[in-house]
Amino acid sequence: MKLTLNSAVTEVELSGIRQFTYLVRDTPGACALTIGEPDLDTPEHIRAQAKAALDAGDTHYPPGNGYPYLLEAISRFEAQAHGLHYAPQEIIATVGATEALFVSFSTILNPGDEVIIPTPAFGLYDALVRLRGGVPVALPTEDNHFQIDPAALQAAITPKTKAIILNSPNNPTGCVYTKETLDGVHEVLRDKPIFVLCDDVYRAMVYGTEFHSFAEYQDMRDRIIVIQSFSKPYAMTGWRLGYCMADAPILDRIQVFHQYAVTSIPSFVQRACVTALETPTDDVCALFQKRRDYVYGRLKAMGLSVEEPQGAFYMFIDIRPFGMDSTTFCTRMLKEGLVGLIPGVHFGTEGFMRLSYCYSDADLKEGLDRIERFIKTL
Ligand code: PMP
């Protein structure tokens with residue numbers, strides 16, 4: 001019997017990052033610098049809230065967008081800590097930033113719509129756009145210090161352009177868009193019917209520079225969707241919690257997808273989310289900054305070409321001088337040098353590889369020693 005599936009889903013592959021991560025995991029003796037999540041456990045006082053909620057019987061269907069107390073806490077937090085003003089009715093608590101992105105793209109895209117994705121980029125964007133029948137349009141940034149060039153953006157826009165995704169601090173480069181970059185992007189987009197998805201999930205990890213979100217350009221509020229996550233700042237990746245915020249008419253439609261896909265996030269995690277928002281993130285930020293300094297110093301001392309990242313916990317290393325594509329380079333480094341990094345091709349950019357510094361000092365030292373030994377053999 002011949003069965004036909006949705007053509008989009010037959011064409012989209014499973015995450016290349018995950019596949020390479022499994023290859024590293026299954027290589028005996030290999031040291032991994034691949035993973036994109038903090039090597040910390042969720043703080044005890046946040047976990048305690050979830051346990052208490054379960055014991056108190058908070059086990060029934062909650063309201064679809066989240067309990068009102070959670071939406072109010074998010075609204076307050078965004079205004080006080082980040083100067084973003086969204087009413088509780090303009091917020092949906094989602095299953096991670098991943099669901100927030102999925103329902104956002106689902107709400108705005110029709111088949112054939114183009115979405116501009118500055119590359120290198122987190123692979124999820126390309127996959128989600130394709131799953132919705134959209135067309136990803138890469139906007140390369142590797143020759144502009146990973147900042148968006150407004151003229152290049154202007155040139156990438158066509159009558160079919162429906163949206164752009166901005167991810168700052170960036171996965172995989174750690175680049176933080178400067179005010180100048182954002183002003184330039186705003187100048188190009190201000191009078192165009194193009195949505196801007198702001199994936200700012202790493203904003204708690206910014207080192208020694210100012211962070212600005214494109215969501216600050218509130219004259220474009222009718223076209224902006226903000227994506228947030230509890231995963232990274234509070235070491236809550238396994239909880240699968242995030243949220244999206246948008247102007248009321250857009251949010252009203254996003255909730256349709258959210259409701260029919262997941263109904264709501266779980267009930268008994270929502271108090272814990274409020275506790276998380278009250279938890280300072282300075283220590284986590286300082287820890288990653290210290291690691292950034294160490295890793296950057298080591299890579300430069302090896303003679304490798306890498307931009308100093310201003311945020312997140314990744315570095316995107318230029319391997320073009322070695323004359324190999326990123327899969328060949330990373331596979332050889334894994335087999336011969338027993339250290340695993342993710343090939344840049346999985347972020348849409350050849351000639352680079354991504355290092356994650358979500359590892360202990362000892363593991364980072366060991367991984368970097370192995371990279372150093374491997375490149376000396378080339
Ligand atoms: N956006 C970016 C840029 C990410 O790197 C990730 C996770 N790696 C996500 C979104 C998804 O995060 P969540 O765990 O909240 O689904």
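Helices (H or I, at least four residues) and strands (E, at least two) are taken here as DSSP runs, numbered from the N terminus. The structure is a predicted model, in which local features need pLDDT of at least 70 and side-chain atom pairs count only at pLDDT 80 or more, while totals for chains, interfaces and linings use all residues. Residues are numbered from 1 along each chain as its sequence is written, and side-chain values use heavy atoms, with hydrogens and water left out.

Strand β5 (residues 161-167) holds lysine 162, a residue that is buried at a relative accessible area of 19% (buried means under 20%, exposed over 50% and partly exposed in between, with a 1.4 Å probe and protein chains only). The side chain of lysine 162 makes a polar contact of 2.8 Å with that of aspartate 113; such a contact is a pair of N or O atoms within 3.5 Å, where, within protein, one must be able to donate a hydrogen and the other to accept it, and residues adjacent in sequence count only if both atoms are side-chain atoms. Beyond its neighbours within four places in sequence, lysine 162 is in contact (heavy atoms within 4.5 Å) with residues including Ile108, Leu109, Glu114, Pro193 and Phe195.

Most residues other than glycine have a negative phi, and most peptide bonds are trans.

| Cis peptide bond | Omega |
|---|---|
| serine 168 to proline 169 | about -10 degrees |
| asparagine 171 to proline 172 | near 25 degrees |

The loop between β4 (135-140) and α7 (150-156) contains histidine 145, whose phi is positive, near 55 degrees, although the residue is not glycine. Phenylalanine 146 is also found in the loop between β4 and α7, and its phi is likewise positive, at about 70 degrees. Histidine 145 counts as exposed, at 52% relative accessibility, whereas phenylalanine 146 counts as buried, at 5%.

Turning to the helices, α4 (68-82), β7 (224-229) and α11 (282-301) each supply at least two residues to the lining of the second largest pocket, and α4 gives the most, with three residues.
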